[in-house]
Amino acid sequence: MNDEHRILNAKIWDRHPDDWYVEPEWVSERLFATEKFEGNVYDPACGMGRILKAAAAAGLEHVGSDLIMRSESCRMQMDFLTEAFYRADNIVSNPPFKHAEAFVVRALERATGKVAMLLPSKWMHGDKRSRWLETTPLRRVLYITPRPSMPPGPVIEAGINPGGGKEDFAWFIWLRGYDGRPESSWLRREA
Ligand SMILES: C[S@@+](CC[C@H](N)C(=O)[O-])C[C@H]1O[C@@H](n2cnc3c(N)ncnc32)[C@H](O)[C@@H]1O
């Protein structure tokens, strides 16, 4: 590898300014195979559109938006936190890390059915976060195994297929109006 390639290679792994980190396709394919959604699915941070693609494959009506237009399958440009006018039956997303809690709050205001967010599993452990979660209609937590790798979008665009991830993630699933304790289970790559 020459110096130019080395610099480019290091650069695509830099922290992404808009938190564009892309989950593996199986993570949403397995969600839609496991969790039932009635009505349409909206992803307000759809990036290269992997969640929308999995929703389409599951036969669900779907729509997406993102702060930046990153792909043909995610064409609507919108800041979900300040501009969202779209009301959906369900919101399913891998939110930008730095705005993750604000995305959950906003999604719970916008969705009429379920909200499913891909979030670090450690949210279940933090004292402040877990106390806040207790005040929300959290229905189910699906711990994802094996650990998904979540590289910056430019890494995927460069055709690199990175190996195992370092952080634990789960699908946090809320159901509007739910008033009980959350259930937990595993979401495995192989059923
Ligand atoms: C973790 S990535 C989602 C990856 C996506 N699932 C994919 O297939 O590429 C988060 C996305 O949120 C977008 N984003 C960041 N801030 C946002 C905001 N305020 N409103 C809407 N989208 C935002 C980023 O541009 C990025 O594409």
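A: A residue is called buried when its relative accessible area is under 20%, exposed when it is over 50%, and partly exposed in between. The model discussed here is predicted.

Q: Why is aspartate 19 called buried?
A: The relative accessible area of aspartate 19 is 7%. The cut-off for buried is under 20%, so aspartate 19 counts as buried. Aspartate 19 belongs to the loop between α1 (3–11) and α2 (25–34).

Q: What is said of the phi angle of aspartate 19?
A: Phi is positive at aspartate 19, about 60°, although the residue is not a glycine.

Q: What makes the pair aspartate 19 and arginine 15 a polar contact?
A: A polar contact needs N or O atoms within 3.5 Å, one able to donate a hydrogen and the other to accept it. The side chains of aspartate 19 and arginine 15 are joined by such a contact, at 2.5 Å.

Q: How do you know which class arginine 139 falls in?
A: Arginine 139 has 18% relative accessibility and therefore counts as buried. The residue is part of strand β6. A polar contact of 3.4 Å links its side chain to that of tyrosine 178; the limit for such a contact is 3.5 Å.

Q: Why is isoleucine 160 called partly exposed?
A: Its relative accessible area is 31%. The loop between α6 and β7 (169–175) holds isoleucine 160. From isoleucine 160 to glutamate 83 there are 77 residues in sequence and 34 Å in space, C-alpha to C-alpha.

Q: What kind of peptide bond joins threonine 145 and proline 146?
A: The bond is cis, with omega about 0°. Proline 146 lies in the loop between β6 (138–145) and α6 (153–157).

Q: Which residues are closest to the ligand, and how many surround it?
A: The ligand is surrounded by 23 residues, and the closest are Trp20, Glu23, Met48, Asp66 and Arg70. This shell divides into 13 nonpolar, three polar and seven charged residues.

Q: What polar atoms lie 2.8 Å from an oxygen atom of the ligand?
A: For methionine 48 it is a polar backbone atom, at 2.8 Å from a ligand oxygen. For arginine 70 it is a polar side-chain atom, also at 2.8 Å from an oxygen of the ligand. A polar side-chain atom of tryptophan 20 is 2.9 Å from a ligand oxygen. The protein covers 99% of the 600 Å² of accessible area that the ligand has on its own.

Terms used. Residues numbered from 1 in each chain as written. Predicted model: local features only at pLDDT ≥ 70, side-chain atom pairs only at ≥ 80, totals over all residues. Heavy atoms only, no water. Near = heavy atom within 4 Å. Areas by Shrake-Rupley, 256 points an atom, 1.4 Å probe, with all protein chains shown as cover. Nonpolar A, V, L, I, M, F, W, Y, C, P; charged D, E, K, R; others polar. Helix = DSSP H or I, 4+ residues; strand = E, 2+ residues; numbered from the N terminus. Buried < 20%, exposed > 50% of the residue type's maximum accessible area, 1.4 Å probe, protein only.
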